[in-house]
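Subject: Structure handover

Hello,

Here is the structure to look at. My notes on what was found in it follow below.

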Amino acid sequence: MNVAVVTDTTTSVPQSMLDELDIPQVSLHVGWDGERRPEEEYELSDFYRRLGEEDSLPTTSQPSVGQFLDCYRPLVSAGRDVVSIHIAAGISGTCASAQDAAKALAAEDHAGKIEVVDARTGAGCLGMLVVLAGRMAREGALASEVAAAVRAARETIDMRFCLDTLEYLRKGGRIGAAQAVVGSALKIKPILTFGTEIAPVEKVRTRRRAKERMLAFVDEIHARGATQWIIQHAQAPGDAADLVDHGREVFGFDPLFCNEVGPVLGAHLGAGMLVAGMGCSPADESDATSSGVEKFEN
């Protein structure tokens with residue numbers, strides 16, 4: 001392939017899909033008490049167990065410019081153009097690090113060029129854009145064509161997620177417009193969306209009602225013409241499996257993938273999160289039926 005697609009680890013795209021499309025990831029870091037390590041080094045059940053047990057929250061950090069240089073340099077030195085797609089710049093400094101690295105390499109003599117794309121979303125919706133880009137690159141599209149398709153597809157992206165608590169967002173400083181629902185006297189279960197910032201959509205009083213609203217969102221995105229959909233969770237495999245089963249009945253095909261989000265997102269959102277996302281991509285409908293669904297064990 002003449003074009004290489006690069007992303008970061010917050011997509012939580014199944015590794016098998018990234019390997020198939022030859023998409024490298026640059027790692028964000030997370031850890032407690034000043035000791036941070038790449039998020040993929042954690043075993044998820046251990047991370048979430050510790051998240052529930054520790055008095056302090058873990059801190060996270062974006063990839064360094066040096067990490068991006070290490071990823072980009074072999075690609076552009078080999079004459080490949082790079083399209084690097086990352087979590088929303090309003091949420092993380094990952095895009096800024098990528099852009100700084102691209103500028104540094106532009107000053108050197110390399111055959112390949114780098115274009116950094118702010119996905120303006122995150123988690124599985126970022127993953128949908130990355131998979132779209134990888135498939136286009138595999139089929140021989142130019143870097144300009146891949147970047148343009150990703151920017152067009154991101155306008156069709158929508159996501160809802162529910163949380164058991166807003167405390168992780170509040171303490172982690174990523175609460176954004178969701179601050180509006182903090183301070184309610186009720187033990188609410190917020191429904192939020194993830195774009196250039198995390199913003200509230202509605203609030204319900206119980207976990208059962210939040211799950212009902214997520215199921216209704218799956219119906220909504222089908223009615224809106226979604227050609228791809230994803231489900232993700234954080235330590236909520238049973239609820240995620242129920243969303244997948246409902247989505248299969250509604251759409252008639254599997255989600256692009258369904259899995260658990262990694263430690264960086266988990267650190268800011270907490271256990272119990274449930275995510276549903278949609279997109280309308282130019283990929284063939286047959287592509288949407290290729291499943292990245294992981295088996296759930298309750």
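The sheet

Strands S2, S1, S6 and S7 form, in that order, an open sheet of four strands with parallel pairing. S2 and S7 (114-118) are the edge strands, each with a single partner strand, so one side of each has no neighbour in the sheet. Strands here are DSSP runs of E of at least two residues, helices are runs of H or I of at least four, and both are numbered from the N terminus. Two strands count as paired if DSSP finds at least two bridges between them.

This is a predicted model: local features need pLDDT of at least 70 and side-chain atom pairs count only at pLDDT 80 or more, while totals for chains, interfaces and linings use all residues. Residues are numbered from 1 along each chain as its sequence is written, and side-chain values use heavy atoms, leaving out hydrogens and water.

Pairing by strand:
- S1 (residues 3-8) and S6 (residues 81-86) are parallel and share four bridges; Ala4 stands opposite Val82 in S6.
- S1 and S2 (residues 25-26) run parallel with two bridges, and the bridge partner of Thr7 in S2 is Gln25.
- S6 and S7 run parallel with five bridges; Val82 stands opposite Ile114 in S7.

Helix H3 (residues 65-77) touches S1, S2, S6 and S7, and its direction makes about 150 degrees with that of S6. Helix H6 (residues 143-154) touches S1, S6 and S7, at about 5 degrees to the direction of S7. Axes are lines fitted to C-alpha atoms, for helices over the stretch in contact, and angles run from 0 to 180 degrees between N-to-C directions.

Burial and cores

Six of the six residues of S1 are buried (under 20% relative accessible area, 1.4 Å probe, protein chains only). Val3, Val5 and Thr7 lie on one side of S1, and Ala4, Val6 and Asp8 on the other. In a regular strand, side chains alternate between the two faces of the sheet.

A nonpolar core is a set of buried Ala, Val, Leu, Ile, Met, Phe, Trp, Tyr and Cys residues joined through side-chain atoms within 4.5 Å. The largest has 60 residues, and Ile85 and Phe161 have the most contacts inside it. Helix H5 (residues 123-138) gives the most to this core, with eleven residues. Not counting residues up to four places away in sequence, Phe161 touches residues including Pro190, Phe194, Met214 and Leu269. A second, separate core has 20 residues, among them Val218, Ala226, Phe253 and Met278.

Regards

Notes: Buried < 20%, exposed > 50% of the residue type's maximum accessible area, 1.4 Å probe, protein only. Contact = heavy atoms within 4.5 Å.
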